[in-house]
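Okay, everyone, thanks for coming. Have a look at what's on the screen, and I'll talk you through a few spots in it.

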Amino acid sequence: MYFLKYNYSVSTITRCYLIRNASKVASQIRIYEVGPRDGLQNESKFVPTDIKLELINKLAAAGINNIESASFVSPKWVKQMSDGVDVMKNLNRVSGVNYPVLVPNLKGYEIAKQCNVEEVAIFPAGSEGFSQKNLNCSVQEGLQRFKQVALQAIKDGLRVRGYVSCVVGCPYDGPISPKIIAKITEELLEMGCYEVSLGDTIGVGTAGSVRRLLREVLQVATPDRLALHFHDTYGQGLSNLLAGLEFDIKTVDSSISGLGGCPYARGASGNLATEDLVYFLYGLGINTNIDLVKLIEAGRYISNFLGKPTESKVNRALGDRFKNHYDIIKLAACEVN
């Protein structure tokens, strides 16, 4: 798309003179919130079940329709997610809100299925080094393991989403070939995943490397079957998102307050913050139907519990300045009275 052909910085491309052009690229963006799972999994301070439930409630109240809520990996490896059953069985489920969970294998899937879940996510790695660290098996062995989960879940009437980690670079293997990611994506779609989320786990991607990746992956998948998952380690999350919008991809993963990281990815910081993403999209003229005042409240709620400042620049900047969501939208759009 023509509005990105120049090498603007992130701060420049978000200025208001690009708003009217950006809205032509994507009329609607689906936000997939991963904070209660991916965002919290690397936190050293254990988050009790009631705090997790309240965070999920606040996200739903803000208008988030897809909230990844729990994980059924072994508590031995990820203690933070050890209360997945309690979380899912005590959810105050809101009509129209999707509460997916992460499952590593058939054992985890069987536990998840007992919690009345409607969607599960599987997560092969894009590199051999990361697969060994995260799954204790090769990439191909991981795909075979996840295929068993996918086939059973689909047979049981559940939706299956696929994640691919380290799609641009790996902390152990270095840069990753886009052809490898395209092949893994193709296999996930063939086993029944309705969507594949491409994760830049260590956040090394740039608009250029994301474009190269997507040109290859879109040889095997249509834009509506893909999602983008950016960690903001190098501050490239929003510029990478714009690169994805060029290819008409309309699903974006993000994490409240910019929470995130991975125990098996050295140096990886948090995900693209949901508050920053929503503000950015409103500035582009894309209506997410998400209340930013309530979203900022949710970000503060979990940051205050964790005892650390939010990683969301929008949350920091806006603070308590606004009580009306529509005033923030006007600010984002640079509207002149």
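So, asparagine 116: buried or exposed? Asparagine 116 counts as exposed because its relative accessibility is 55%; the cut-offs are under 20% for buried, over 50% for exposed, and partly exposed in between, with a 1.4 Å probe and protein chains only. Before I go on, this is a predicted model, where local features need pLDDT of at least 70, side-chain atom pairs count only at pLDDT 80 or more, and totals for chains, interfaces and linings use all residues. Residues are numbered from 1 along each chain as its sequence is written, and side-chain values use heavy atoms, leaving out hydrogens and water.

Back to asparagine 116, which sits in the loop between helix 6 (106-113) and strand 4 (119-122). Helices here are DSSP runs of H or I with at least four residues, strands are runs of E with at least two, and both are numbered from the N terminus. Most residues other than glycine have a negative phi. Asparagine 116, though, has a positive phi, near 60 degrees.

Asparagine 289 also has a positive phi near 60 degrees. Where is asparagine 289? Look in the loop between helix 12 (274-283) and helix 13 (292-306). With 61% relative accessibility, asparagine 289 counts as exposed.

Now, pockets. On a 1 Å grid over the protein atoms alone, a pocket is an open set of points where a 1.4 Å probe fits, with protein on both sides within 12 Å along at least five of seven lines, and lining residues have an atom within 4 Å of a point. Volume is the space filled by probe spheres set on those points, which are joined across faces, edges and corners.

The largest pocket comes to about 830 Å³. Its lining has 39 residues, and Val73, Leu102, Phe123, Asn134 and Leu135 lie nearest the centre. Which helix gives the largest share of that lining? Helix 7, with four residues. By type, the lining has 19 nonpolar, 15 polar and five charged residues; Ala, Val, Leu, Ile, Met, Phe, Trp, Tyr, Cys and Pro count as nonpolar, Asp, Glu, Lys and Arg as charged, and the others, including Gly, as polar.

The second largest pocket holds about 440 Å³. It is lined by 21 residues, with Asp232, Leu238, Asp276, Glu311 and Lys313 nearest its centre. Helix 14 (313-318) is one of the helices giving at least two lining residues, and its five are the largest share. This lining splits into nine nonpolar, seven polar and five charged.
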